[in-house]
Amino acid sequence: MEKLPIKKVVQGLLKLQEKGDSATLLGIGPMSLNCVQASLELSKEYDFPVMFIASRNQVDLDELGGGYVNGWDQNRFATAVKEVSDKIEYDNLCYLCRDHGGPWQRDKERNDNLPENEAMELGKKSFLGDIEAGFDLLMVDPTKDPVEVGKVIPLDTVLRRTVELIEYCEKERKARNLPEIGYEVGTEETNGGLTSTETYETFIKRLSKELESKNLPMPTFIVGQTGTLVRKTEQAGRFNFENAYELSEMAKKYGVGLKEHNGDYLDDVSLLEHIPSNITATNVAPQYGTEETRAYIKLSEVEEKLYEYGLIKEKSKIKETLLKNAIKSGRWKKWMMGNQRDLSVEDILNSKDDKLKEDILDIAGHYTFNYEEVKTEIDKLYKNLKTNNIDGNRFVIDHIKRPIRDYVECYKLKGVTTRIKEIL
């Protein structure tokens with residue numbers, strides 16, 4: 001199948017909207033190899049393009065700290081996706097996308113309060129890794145400035161950094177004679193400044209003018225705030241149809257698609273509202289990591305029963321191992337609410353609050369899938385199940401597919417690749 005540039009796919013979606021045949025693409029966080037396979041299987045089954053949206057913490061150059069997902073850098077990530085594609089004889093459109101690329105987008109860079117020039121150089125180095133690995137879409141987000149935490153970063157600053165980074169990426173892409181790539185700009189963060197429709201349009205207009213003056217491409221997506229917000233393992237925000245519709249109509253005037261972030265754990269009503277609001281794409285990531293953690297816990301409960309029945313001699317310690325490492329990772333902090341954000345790892349380890357610990361396992365278990373200790377216990381779990389004719393790995397993949405399928409169905413993604421090709 002000839003691979004359409006991602007910008008063409010969005011143009012096709014915008015044309016479908018004009019004919020009353022809207023659909024919303026799904027950007028999927030590649031939380032694990034299992035998640036990649038689950039996504040590609042559904043894409044093949046339902047005939048829709050899949051976007052894997054990798055943050056810099058998840059996938060990055062080894063020299064910049066690597067990624068917590070499978071220890072992937074950009075090339076190993078691209079290779080893994082291809083290997084899964086070959087294994088399942090994948091025949092649809094798959095796009096590798098950088099989510100939140102740019103300066104300060106690794107936790108360490110932000111925590112170290114790197115100065116702008118140094119952070120920008122590291123952001124460019126990461127983008128170059130993306131480009132050379134064949135990424136199709138780069139999100140340029142220079143709004144994580146540690147000096148401006150909690151403040152609205154001046155629009156001039158966001159524009160200057162955004163244009164500088166796109167200019168750099170285009171120069172490096174052309175120097176390597178690589179196919180066109182798409183760009184995504186803006187941010188879902190409230191301190192990014194793009195929370196009102198007025199500011200949103202001002203940003204698009206000024207960005208369009210700056211890019212045109214330098215003969216640079218307009219972005220494929222602009223991120224807008226639709227009211228979504230993820231905390232713990234739930235949707236803590238509230239989908240705002242009116243705002244989403246206004247932003248999508250505004251973006252469409254410039255030939256750009258509205259991208260929504262933090263789309264995890266949305267209820268069916270909110271999901272169905274995405275079609276009339278004409279949102280072109282939604283990003284979902286932590287939910288699928290959480291679903292994989294829950295799959296392992298369910299399998300451990302099966303394993304416990306097999307042990308009670310005398311069908312296995314020694315249980316794995318998958319739940320205890322996941323819990324201990326999830327707590328020690330500290331990565332749960334960004335998803336907590338209220339005073340719980342101030343808790344330390346030691347506070348949790350010493351806590352008698354079992355509910356809190358269960359919450360942290362649910363939130364942060366997926367950050368530890370690549371730990372050797374965790375992988376050892378997963379292997380033990382799978383072997384115990386296999387001796388009793390249960391395919392644990394297949395169950396995990398199918399478990400991840402369930403919530404993805406909900407979005408696919410509500411977002412009218414079935415057959416959308418064919419529909420886009422027919423209209424272009």
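Reader: To start with, is E358 buried, partly exposed or exposed, judging by its relative accessibility?

Author: Please keep in mind that this is a predicted model. E358 counts as partly exposed, because its relative accessibility is 38%, and a residue is called buried under 20% and exposed over 50%. Its salt-bridge partner is K319, and the closest N and O atoms of the two are 3.3 Å apart. E358 belongs to helix α13, which covers residues 354-364, while K319 belongs to helix α11, residues 318-329, so the pair ties together parts that are 39 residues apart in sequence. K319, for its part, also counts as partly exposed, at 29% relative accessibility.

Salt bridges can also share partners, and in this way E41, R394, D398 and K401 are joined into one network. A search of the whole structure finds 39 salt bridges.

Now turn to K124, which forms a salt bridge with E121, the closest N and O atoms being 3.7 Å apart. Both residues sit in helix α5, residues 116-132, and because they are 3 residues apart there, about one helical turn separates them. E121 is partly exposed, with a relative accessible area of 47%, whereas K124 has 11% relative accessibility and therefore counts as buried.

K124 forms a salt bridge with E164 as well, and here the closest N and O atoms are 2.8 Å apart. Since E164 lies in helix α6 and K124 in helix α5, this pair ties together parts that are 40 residues apart in sequence. E164 itself is partly exposed, its relative accessible area being 30%.

Helix α6, which runs over residues 155-175, also holds C169, and this residue is buried, with a relative accessible area of 0%. Leaving out residues up to four places away in sequence, C169 touches F127, I131, L138 and Y183. Between C169 and V140 there are 10.0 Å in space, taken from C-alpha to C-alpha, although the two are 29 residues apart in sequence.

Technical notes
Residues numbered from 1 in each chain as written. Predicted model: local features only at pLDDT ≥ 70, side-chain atom pairs only at ≥ 80, totals over all residues. Heavy atoms only, no water. Helix = DSSP H or I, 4+ residues; strand = E, 2+ residues; numbered from the N terminus. Buried < 20%, exposed > 50% of the residue type's maximum accessible area, 1.4 Å probe, protein only. Contact = heavy atoms within 4.5 Å. Salt bridge = Lys/Arg side-chain N within 4 Å of Asp/Glu carboxyl O.
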